[in-house]
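I opened this notebook to record a few local look-ups. The entries follow in the order in which I made them.

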Amino acid sequence: MSRRPGAAGSLCLVLLLAAAVGPRPAGAEIVDRVLAVVDGAIITQSDVAGVSRLGLEPAAARTLAAVRDALIERRLILAEVDRYAPADPPEADVDRALEALRARVGAAAAATILTETGGSIEQLRRYLRDSLRIEFYMQQRFGTIQPTEFDIAEYYRAHAADVGSRSLADSREAIVAALASERRAVLVKDWVAGLRRRANINVLPE
C-alpha cells in the first residue's frame with residue numbers, strides 16, 4: 001500500500017541499503033523495490049503487487065506499469081483530499097468494503113496476498129478508508145453535472161440504434177447518466193493531468 005508523504009528518508013535508506021548490498025546474483029530474490037516517488041511518498045513493487053492481486057484499482061486488470069501509474073494518481077488525489085480534510089467515513093463503511101473485498105477475492109486468498117506482499121490488515125483498511133474518502137471528495141467536486149436539453153436530444157439522435165424504439169422521454173434518464181459520466185471522466189482526466197504537471201514525480205527505471 002502506498003506510503004504517505006514524508007517517506008523521503010525511507011527512500012534514502014532503501015537506496016543506501018541497496019548500494020551497501022551491491023548487485024544481486026542472477027536469480028536472487030528481490031524483497032522490494034522503489035518504483036516511484038511522488039512528492040516524497042514512495043510507491044514500491046510490493047504496493048503495486050498487492051493492489052494488483054487484490055484488484056483494488058481498475059488498472060489492476062492491465063499491466064503492473066498501469067497499476068503503478070494508478071497509484072501515482074491516487075497519491076496526488078489523496079493529497080488534494082487531505083488539503084480539505086473531509087471527515088473519515090464511518091468504520092461500518094470500511095467494514096463493508098473489507099467484507100466485499102473478501103467476498104470477491106476470498107478471505108484466505110486476501111490474507112495470503114497481504115502476507116506475500118508485506119501488507120497488513122491495518123494497511124488494507126486504511127487503503128479502503130482512503131478510497132471512500134476519495135469517492136466522497138470526487139462526488140462533491142464533480143458529481144453535479146447536468147447536460148443541456150440540446151445535448152440530450154443530440155445524444156438521442158446519435159445513438160438511435162442503441163435506444164431502439166424507446167422515446168426520448170423514456171430514454172432521458174439513461175442519457176443524462178451517460179452524458180454526465182462522459183463529462184465527469186473528461187473533467188477528472190484534465191484535473192489529474194494538472195495535478196501531475198504540478199507534482200514532483202520520479203518514476204524509477206524498471
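**Threonine 63**

I looked up threonine 63 first, and it counts as partly exposed because its relative accessibility is 48% (buried is under 20% relative accessible area, exposed over 50%, partly exposed in between; 1.4 Å probe, protein chains only). I placed threonine 63 in the loop between helix 2 (45-54) and helix 3 (64-84); helices are DSSP runs of H or I with at least four residues, numbered from the N terminus. Serine 52 is eleven residues from threonine 63 in sequence and 8.8 Å from it in space, C-alpha to C-alpha.

**Basis**

I note that this is a predicted model, in which local features need pLDDT of at least 70, side-chain atom pairs count only at pLDDT 80 or more, and totals for chains, interfaces and linings use all residues. Residues are numbered from 1 along each chain as its sequence is written, and side-chain values use heavy atoms, with hydrogens and water left out.

**Aromatic rings**

I searched the whole structure and found three aromatic pairs (ring centres of Phe, Tyr and Trp, the last by its six-membered ring, within 6.5 Å; planes under 30 degrees apart are stacked, over 60 edge-to-face, the rest tilted). One aromatic cluster is formed by Tyr84, Tyr137, Phe142 and Trp191.

I also found arginine 74 over the face of tyrosine 127, 3.5 Å from the ring centre (NZ of Lys or CZ of Arg within 6 Å of the ring centre and within 35 degrees of the ring normal).

How values were computed: Helices (H or I, at least four residues) and strands (E, at least two) are DSSP runs, numbered from the N terminus.
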